[in-house]
Structure formats: structure tokens, C-alpha cells
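Hello,

Here is the structure I promised to pass on to you. My notes follow below it.

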Amino acid sequence: MKTSVILNQENLGSVLSNVKAPTYDRDKVTTSIVHIGVGNFHRSHEAYYTNELMEHFGVLDCGICGIGLLDYDRKIYNILKDQDGLYTLMIKELDGTYTAKVIGSIVEFIFAPENPFAVIEKIAHPDIKIVSLTITEGGYNLNEATGKFDFSNPVIIEDMKNPMSPKSVFGYLTQALKLRMERGVGGITIQSCDNIQGNGDVAKKALTNYVKEAAPELLSWIEENVSFPNAMVDRITPVTVAADKEILKEEFLIEDQWPVVCEPFIQWVIEDDFKAGRPAWEKVGAQFVENVVPFENMKLRLLNAGHSLLGMLGALHGYNTIDEAANDPDFEQFLKDFMDVEVTPTLGDLGDINLDKYKKSLIDRFQNIYIKDLISRICLESSAKIPIFLLPTLKQQLRNDGEITRAAFVVAAWCKYNDGVDENGNTYEIKDAMSDTLIRAAALSHKDPIAFLKIEAVFGELVNNKRFVETFTNTLNMLRINSVKLCVQKINSS
Ligand code: CS2
């Protein structure tokens, strides 16, 4: 009987034939991409596309150097160090089987808290053409309501005081770009891979706002030498659980300390604006387009908001995973009506995109019983997500006198979610940078529903919209006395 192998470069030759492992020469890979935030999503998406380019087209000059900025990143840093940057992507097919693919495109890794200078030098290196980011929706440090960069953030205060030993992504980029300017090293692309409308524009706004205060002499250089393409990114990538590692070990005989699980679907639609060139990702399925806005709108307002809807409703009901909630016929109907009646009218002209097919495929993806996407993953950091995923639909529908009941109900469900207890009496933790504010406002909302809408950083002016406030209050009151399922049934049949 064959025994399992520990995943690393030396053992690559011994992996079973049912595992797809890199056949390209990893020693010949050179780094031209620095990626900040090597989470599961980066590993199932950009690193995957790049691996495919290396494997199928022999393009070896687009290796990735991963950067971990947070203490939390120490774990992935140590694991990738042990495994020579290799990890397994377990693509869960629709019939429940796995494809196991070892990804080899991450060839270097720097843990920033231990070596800040190495990070700055790396980004400043002439070979680096792209700095890509997955720093989460909240990571751009812009106040959602005012649009202003938050200089009161303690990490930013520290970076302003000690620019040479930065902690924030903006502190690092500023120092590295300064070096590029001083050394006459060419331009570079900063490529956001986060779920944000106009993610490139947002990255530019955040960085230039910071630079205006921290290093104003750099501003015009950035204007001329740095591009920030917008992009829509998509692949559902749940949290890895122990059972996934077990399957990998039992069925594929690989011992990987942190594999990544994902769905087969993948999409990346990018504006072709790369200051220093880019890998030919289109060869492996990425789409380069003039205008990414319709794709972003569609994905954020349907998929991500759909996720939040299922997450909030599902959490209150006591479901654990998105597929459970999506397979509940009442929630499914509610989701479909939300998509058709409230989101679709806001999407405008989508050109060639077949929207009905897209919406249908989303339901199938959410209902995939093999992707056990935890509701807790979806609900975390909702204060950064809801304003991006849901509120644009709500605002546009309000402007156009459109239907808002379901969107307002999701906001009400989010308010109730912050009580921290589901309908079976089970408690859960509110994981959110604004958790204190949310919990306090949710508690006040038992007497005064509007208290929740007064969280300005989330809702901005919405609290002054009479129709929204009324609909929210009605749906919250309904939710306080009925189960979420009963409310959903009522709305479905109204
Ligand atoms: C999710 C996303 O975090 C969330 O709330 O909606 O992570 C989602 O799974 C991805 O954007 C899919 O591409």
C-alpha cells in the first residue's frame, strides 16, 4: 500500500497520477508579481490562473511573491515555507468529486512584520510589474459614508509617525514607490482583487489620499507611473476544514497543511490598463475588457448581496452553511424575487451578458451541497460588505421608486443578527471591525429601530429617507415577533 507524501518540491515527483502537479521547472520561474494578502481566495484565483499559464503555456516570468502584513499571516507564511510555496487546490466538482491540483506559482514569501525592508525592496525591484491586493473590502480604509480616508485608524497614525517601518499596505506601498521614483525604476500596476465596485479606483483613491499627507512629493509620479485597473473577481472559496485535509491525505495521498477548496466556476474580468505589462492571463480564461462596470455591478449586487441575504437569513434561522439556506424553498424564492424584482432593474444595459442564465447559475452555485460555505464566513465583516453589496441596490431603487422590501428586510435581518443569538437560542460571535458599534446599535433598536440606521459610517444619508426608514422599521418589527421563515413566507406571498 502506498503511503502519503508530505507536500514539498522534492516530493513533487512522487505524487499520485490522480493529482495534477506542476510539470514546469519551478527553478526557472522568475518573480514579477508581488501579492499582498495570501488568503484562500488569492490561492484559488490569481495564483491559480498564473499557475495555469505556467503549466499550459510555459510562461515562467510571472512568479508570485506573497506578502503577509498581519500577525495572522505568520501561519500561512510558515506553511508555505515548509511546502516550498506549494499547496493543493481541491476543486469540488458538481458531482461531489474532487480534482486535486498542486499550484506552484507562489515562489517566494515575505512575512512583513519580521522583515519590513525586504518587502519595500521587493516592491521597488525593477522586475516587479504588478502589486496585486486582496486586503478585504474594509482594508482600503475609506469611510463608506463620507468617502474619506480614515487617518484616525491607529495603524495609519503609526505609519505616519514611523514611515520607515510601516505596518499598513499604504505605508508599504508609499515607501516602495518612493524608492522606485528615486531610483528611476519604471512604473508599476497596483491591481486590486477585492470585491469592491471600481476596486482599482478605490485602491487609487485610498493610496493617493494617504500619499497626499505622507509623501506629497510622490503624488505626480504616481499619477504618471502607476495604473490601477478595475476588475471583477469571482470564485467561491470556502474556509478549509479538517475533513478536506483528511480527504486529500486518504484519497490523494498528499499531506498538505493548508489546502484550498473551491468551486469549479471561476471568472476574472479586468480593465486592460497595466503600466508595466502583464501576464497573458486571457490565454487561461481571464477576460480583458474596456469597461468592467457592468460585470462588477452584476456580480456584487447579485452574487455577493445574494450571499449576504442567505447568510443573514440563514444565520437567524440556525443554518450553518449557504447551501442549506439556498436549498430552503422559502429562502430560495425570496432570493429569486430579490434578484428579479429589486436588483435586475438597477443593472442597466449588460450588453451580451445573458442575465437570466447568470442568475440561474448563481442559484445552482449557492445550492451546491458539496461546497460547504460557512454562513459565519459570509456574515463576517458585514459592515464593510453590506454598503458595497446591498446598499447600492437599495439607493438606486429608492431613487427610481422601485421595490425595496427584500433589501430592507435583509438590513433588518442584519440588525437582528447583531443580537448574537439565533432563533434556536444558540449564540454566535459578531466578527466585524465595527462589532461594538453594531451590537450597541442593535440593542438600542429594540426600543428605537432607527438606532441601527444611525450608524453613519454604514448608512450615511439613508437614515433620512422616509420610505426606507418605514420599510426597515416595518420589516424589523415583523422580524421581532415572527420567525425569519414566517416573515419570508409572508413577503414571498405578498
Ligand atoms: C462572499 C465572497 O465574502 C463574502 O461575503 O460573498 O467571498 C464570495 O464568495 C466571492 O466574492 C465569490 O467570488
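In these notes, two strands pair if DSSP finds at least two bridges between them, and helices (H or I, at least four residues) and strands (E, at least two) are DSSP runs numbered from the N terminus. Please keep in mind that this is a predicted model: local features need pLDDT of at least 70, side-chain atom pairs count only at pLDDT 80 or more, and totals for chains, interfaces and linings use all residues. Residues are numbered from 1 along each chain as its sequence is written.

Let's begin with the sheet. Six strands build an open sheet with parallel pairing, in the order S7-S4-S3-S8-S9-S10. Strands S7 (106-111) and S10 (226-227) stand at the edges with a single partner strand each, so one side of each is left without a neighbour in the sheet. S10 pairs with strand S9 (residues 188-192) in the parallel sense over two bridges, and there Ile188 stands opposite Val226.

Next, a pair of helices. Helix H10 (residues 293-317) packs against helix H17 (residues 405-417) at an angle of about 45°, with the axes 9 Å apart; axes are lines fitted to C-alpha atoms, for helices over the stretch in contact, and angles run from 0 to 180 degrees between N-to-C directions. Two residues are in contact if their C-beta atoms, placed from the backbone, lie within 7 Å. On the H10 side, the contact includes Ser308, Leu309 and Met312, while Val410, Ala413 and Trp414 are among the residues of H17.

Enjoy exploring!
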